[in-house]
Amino acid sequence: MTVGHLVTLAGVLFTLGMLGVLSRRNILIILLSVELMLNAAALALVAFASYRGNLDGQVMVFFAIAVAAAEVAVGLALVIALFRIRVTVDADQVNLLKQ
Amino acid sequence: MTTLFFWIFAVVVAGSALLAITRRNGVAAALWAASSFIGIAGVFVLLGAYFLAVVEVLVYAGAIMVLFLFVIMLLNLREADLKVVQGPRMHVGGAILGALFLAALVWTCRRSGLFDVPVGAGGPIGETGTVAAPLFRDYVLPFEIVSFLLLAAMVGAVLLTKRRLS
């Protein structure tokens, strides 16, 4: 297990999250994919914290997880509010600003 | 031994993530994502980040995934809503973009010699006490700001989901 392996794993996870965001239209799955991408960043931060030999990276991941929790709470509240007025979770049908 | 466990967790993380983004059923996708987060917690344990591993399982695989499942079941989506995916253009474009990104990443790691730097044993041990020391000494201000952020998110989520504001 080297830093390169860990960074590559983080890159694979980030790519999968990006593919999920690009290829899916269900807003819930898109939010889930964003969570995967955030986790990839967390993995890379912990790997580099271990590489540098201090704990600052791990503290940063702690903050990232706290912010991700806030993001999910607000994001899912937005999905519920959207579902209430449009009765859909299809991202392509939410184009009020385009019209 | 560490290498063996790393590969097991890597397969769990990547495989679960792949299944999570391809499932049509939202509940299945959320459960596979939770499996991926547990794999990441395993990698954190291998790196000595014990505190973060516990937080990952508690917050990500626990709280966030429960919130996701709760909302998916609350919305009670019809099967027709779940069958829509983007056209092939997005799939092909995304795959090309992802492959380019990964190739650039691996090339950069190889160039900078990161594949020759072993980690895991002898690194910093992120136990509760050792993570708390910098957290409450150097990062006190961000810590307090995060507490306000969580409060704001909580109030915002309640307000957004209220049926009518009076």
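Hi everyone, let's start where the two chains meet. About 6900 Å² is buried between chain A and chain B, and carbon and sulfur atoms give 79% of that area. Please keep in mind that we are looking at a predicted model.

Who takes part in this meeting of chains? On one side there are 70 residues of chain A, and they are in contact with 83 residues of chain B. What holds the charges across the boundary, then? Polar contacts do turn up: six residue pairs between chain A and chain B are counted, with both partners at pLDDT 80 or more.

Now look at the side of chain A that touches chain B. The elements giving two or more residues to that side are helix H1 (3-23), helix H2 (27-52) and helix H3 (56-86) of chain A. Which of them gives the most? That is H3(A), with 23 residues. If you sort the residues on this side of chain A by kind, you get 48 nonpolar, 15 polar and seven charged.

Let's turn to chain A by itself. How spread out is chain A? Its radius of gyration is 17 Å, while a compact globule of 99 residues would have one near 13 Å. Along the principal axes, the C-alpha atoms of chain A fill a box of roughly 50 × 25 × 20 Å.

Over all chains, the structure holds two salt bridges. In chain A, A:Asp90 forms a salt bridge with A:Arg25, and their closest N and O atoms are 3.7 Å apart. Why is that pair worth a look? A:Asp90 sits in the segment after H3 of chain A and A:Arg25 in the loop between H1 and H2 of chain A, so the pair ties together parts that are 65 residues apart in sequence.

Next comes chain B. How many helices does chain B have? There are seven, again with zero strands, and the pattern along the sequence is α-α-α-α-α-α-α. For 166 residues the globule rule gives 15 Å, but the radius of gyration of chain B is 20 Å, well over that value, so chain B is more spread out than a compact globule. The C-alpha atoms of chain B fill a box of roughly 55 × 45 × 25 Å, taken along the principal axes.

Finally, a word on confidence. Chain B averages a pLDDT of 87, and 91% of the residues score at least 70. For the model, the scores are ipTM 0.91 and pTM 0.90.

Conventions. Residues numbered from 1 in each chain as written. Chains lettered and ligands numbered in written order. Predicted model: local features only at pLDDT ≥ 70, side-chain atom pairs only at ≥ 80, totals over all residues. Heavy atoms only, no water. Contact = heavy atoms within 4.5 Å. Buried area = accessible area lost by both parts, 1.4 Å probe. Polar contact = N/O pair within 3.5 Å; in protein donor to acceptor, adjacent residues only side chain to side chain. Helix = DSSP H or I, 4+ residues; strand = E, 2+ residues; numbered from the N terminus. Nonpolar A, V, L, I, M, F, W, Y, C, P; charged D, E, K, R; others polar. pLDDT = per-residue confidence, 0-100. Rg over C-alpha atoms; globule rule 2.2 N^0.38 Å. Salt bridge = Lys/Arg side-chain N within 4 Å of Asp/Glu carboxyl O.
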